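Good morning, and thank you for coming. Please look at the sequence and the structure as I bring them up on the screen.

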Amino acid sequence: MSVRGRAAIVGVGTTEQGELPGRSADEVAVEAISLALADAGLGKDDLDGLITCRAGLGVGGVDTGVGELLGIHPRYSATLQYGTCNFSLHLAVMAILAGLADTIAIAYGATQRSEKINFGVPHSVDLASTAGFVHIAGPAGLALQRHKYLYGTTDEQFGNIAVAQRQWAQLNPLAIFQKPLSMAEYLEQPYLVEPLRRADVTMISDGGAALIVTSADRAAEFPKPAAHVRGIAETTALDGGRTPENLMRPWIANVARDLYASSGMGPQDVDALYIQDPTAVWVLQMLEYYGFCPVGEGGRFLAEGHTYPGGRLPLNTNGGQLSESYMWGWLHLCEAVRQLRGECGPRQIPDVEVAMYCSTMTFAKGAASIISTSR
């Protein structure tokens, strides 16, 4: 069953980002939902669906708790252990197409920074973890070393990811990191996990994000332009370390293949690209596997300046996780919707009609969505 043109995002809400002490993750999620409802011109009683995302290693994010706090009792609700917004959006679209709900809020709230949650733990049982690489930066660093060995990628080429996203963040009032970052300053940073520097890895932060999803047939009823879901795709790599070259995550190419088939579009149609980036390595890999440059050519593509403000492929115009906020990539989809509406002020992309968001759950699964101004 094709989802093309059958669901749409009609509301978006984001809270302050950074540190939100004295609040629970569920309280932050409820604030984000309230903001998204107001943006869509709805009240909480208009919701008949709720999808929440557990807040990583912290507590909260369960639909029953968030729903009770919000004061709703929708006919459909669910919680994903790892939502990264793409997975949550896809579940909402499927629920709407199945007739389980008509108007669904998808939401994430986190207070992991205020709670001082320890992320220095194994993310899976594999060789990298047993060797002491317990944070995602460890295996990501190994993946970058492999890319450098295979393709000759340099530190300076790779550094264009963090430097460009910092330039975008300087145009975004919501972004946490707005201090300018030059290439020279980037290269002067010591390695955090060689060859990754501090600017290549996200900083854990508090915050909330929510979106309202409904059927495309209803989209014209809402006060702001809808972002129509044109295509979705997912894949898993659950065999993990048994897969040759799994550090390089070649299975991402399967998501790209299915996404483009689902949407009837290709990389040439994308006006704005969003890549979930707990580390900058994910950006390098996904630029290649989604066909924006050939595999192995990511370093040279970045060095040509395409992803900077004014470049031909605006990438993570919010500043991404590297400079805007951690948030498991939820803010990428919020930014994509706002770009399609023309609401992004000095960072607004001219004539943007199609946006794409790619995300992964470490080395285990991937998902992507294409949204657009038209069905």
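How do the residues of the lining of the second largest pocket divide into nonpolar, polar and charged? Before I answer, please note that this is a predicted model. The lining has 7 nonpolar residues, 1 polar residue and 4 charged residues. Among the residues that line this pocket are Arg166, Phe177, Lys179, Glu185, Gln189 and Leu322. The space in the second largest pocket comes to about 190 Å³.

Let me turn to the cysteines. How many disulfides does a search of the whole structure find? The search finds 0. A disulfide requires two cysteine sulfur atoms within 2.5 Å. For Cys85, the closest cysteine sulfur belongs to Cys334 and is 6.0 Å away, so the two are too far apart for a bond. Is Cys85 buried or exposed? Cys85 is buried, because its relative accessible area is 0%. Cys334 is buried as well, with a relative accessible area of 1%.

My next residue is Thr14, which belongs to strand S1, residues 7–14. Its relative accessibility is 15%, and therefore Thr14 counts as buried; the cut-off for buried is under 20%. Which residue does the side chain of Thr14 join in a polar contact of 3.1 Å? The partner is the side chain of Arg338.

I now come to some details of the backbone. Between Glu194 and Pro195 the peptide bond is cis, with omega near 10°. Pro195 sits in the loop that runs between strand S5 (191–193) and strand S6 (196–197).

Arg249 is not a glycine, yet its phi is positive, near 55°. This residue lies in the loop between strand S8 (227–236) and helix H8 (252–263), and at 0% relative accessibility Arg249 is buried. Thr362, also not a glycine, has a positive phi of about 45°. Where is Thr362 placed? Thr362 is in the loop between strand S10 (354–361) and strand S11 (365–372). With 19% relative accessibility, Thr362 counts as buried.

Finally, I turn to the record. An unreviewed UniProt entry carries the annotation "domain: Thiolase C-terminal" for residues 252–370. In the model, this span is 37% helix and 15% strand, and its end C-alpha atoms lie 15 Å apart.

Thank you for your attention.

Technical notes:
Residues are numbered from 1 along each chain as its sequence is written. This is a predicted model: local features need pLDDT of at least 70, side-chain atom pairs count only at pLDDT 80 or more; totals for chains, interfaces and linings use all residues. Side-chain values use heavy atoms; hydrogens and water are left out. Buried means under 20% relative accessible area, exposed over 50%, partly exposed in between (1.4 Å probe, protein chains only). On a 1 Å grid over the protein atoms alone, a cavity is a set of points where a 1.4 Å probe fits but cannot get out, and a pocket is an open set with protein on both sides within 12 Å along at least five of seven lines; lining residues have an atom within 4 Å of a point. Grid points are joined across faces, edges and corners, and a volume is the space filled by probe spheres set on the points. Ala, Val, Leu, Ile, Met, Phe, Trp, Tyr, Cys and Pro count as nonpolar, Asp, Glu, Lys and Arg as charged, and the others, Gly among them, as polar. UniProt positions are given in the numbering used here, feature names are shortened, and annotations may be inferred rather than shown by experiment. Helices (H or I, at least four residues) and strands (E, at least two) are DSSP runs, numbered from the N terminus. A polar contact is a pair of N or O atoms within 3.5 Å; within protein, one must be able to donate a hydrogen and the other to accept it, and residues adjacent in sequence count only if both atoms are side-chain atoms.
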